[in-house]
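Please study the sequence and the structure before turning to the solutions.

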Amino acid sequence: MPDVRGPLDLSLLRTFLAVHRAGSFTGGARVLGLSQPTVTTQIRALERRLGRTLFERLPRGVAATPVADDLAVRVAAPLDALAEVTEPDRFGVDPPAEPVHLAGPADILCTLVLPALVPLIERGVLLRIATGLTDDLLEGLRAGRHDLVLATIRPRGRTLAAVPLMDEEFVLVAAPVWARRVDPARIAAEGPAALRGIPLVSYAEDLPIARRYWRHVFGTRLTERAAITVPDLRGVLAAVVAGAGLTVLPRYLCAAELATGALVPLLTPDDPPINTGFLVRRAGAAQHPHLGLVEQRLIRAARGW
């Protein structure tokens, strides 16, 4: 039975919020300057008071339960506001700004995001950039290693909050040397059969973007094997411009090459594949001094992407 006597101890709630944000008892203890056993004891005490389990132990860290996620959303803003009043900087000056840790696919970050964020540097914003695959980056976000993630999928659950940021249109392209060998009308009529003999370039062995294009546009399964794989879409772009074969790329990445004729669209379907990118942060996470600036800048810039 839960122990419902008296109000909840604020120290227990602070400890809970630190663990929720850090994704581990060890990380929460580090933030609070407490020992891990003390943090564990306080979390167990709070769970007894509430009569509910807040965290499930994992091989590395802990996983918040839905009850914990709801509690974090409810207490984060009040506790952060209270901390601003009760824990001012003892020297009467603002502490040095902490970097904003931003992560996402390398091509999006380098092509669109970093140029958009450069003006914030003059305002004192510090950025730390990480790249990787969306699933890995979202796990890092949950664990507190990132502040924001640009994700190619909408994350599930209530732990992470996501807002749609941009739509990627995918284009089937090749260099002119290959485009001259195939008639777009023939591709429209015959589908993938008209592309037989043209090498395929991809950023992964399982051809995720190309497979989606084949399924969406041609209504068939892609069975080809990649001639070249490069784990960066900018490398895929460079290889195809050099004449390596054909590929499927997001239009924003190859817009300049399409404009100059360095690449040629092999097909212009009425309904091209579209993928929505999301800007993701942890629900209930502390308001970083510059996090809001980065979010607002990206959302505003993305209107032109």
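A residue is called buried under 20% relative accessible area, exposed over 50%, and partly exposed in between (1.4 Å probe, protein chains only). The model is predicted, so local features need pLDDT of at least 70 and side-chain atom pairs count only at pLDDT 80 or more, while totals for chains, interfaces and linings use all residues. Residues are numbered from 1 along each chain as its sequence is written, and side-chain values use heavy atoms, with hydrogens and water left out.

**Exercise 1.** Determine whether Val31 is buried or exposed.

*Solution.* Step one: locate Val31, which lies in helix α2 (residues 25–32); helices are DSSP runs (H or I, at least four residues), numbered from the N terminus. Step two: the relative accessible area of Val31 is 63%. Val31 is therefore exposed.

**Exercise 2.** Classify Thr40 and name its contacts.

*Solution.* Step one: Thr40 belongs to helix α3 (residues 36–50). Step two: with a relative accessible area of 17%, Thr40 is buried. Step three: leaving aside residues up to four places away in sequence, Thr40 touches Phe25 and Arg57, where contact means heavy atoms within 4.5 Å.

**Exercise 3.** Describe the salt bridge between Arg44 and Glu47.

*Solution.* Step one: a salt bridge requires a side-chain nitrogen of Lys or Arg within 4 Å of a carboxyl oxygen of Asp or Glu. Step two: the closest N and O atoms of Arg44 and Glu47 are 2.9 Å apart. Step three: the two residues are 3 residues apart in helix α3, so about one helical turn separates them. Step four: Arg44 is partly exposed at 26% relative accessibility, whereas Glu47 is buried at 13%.
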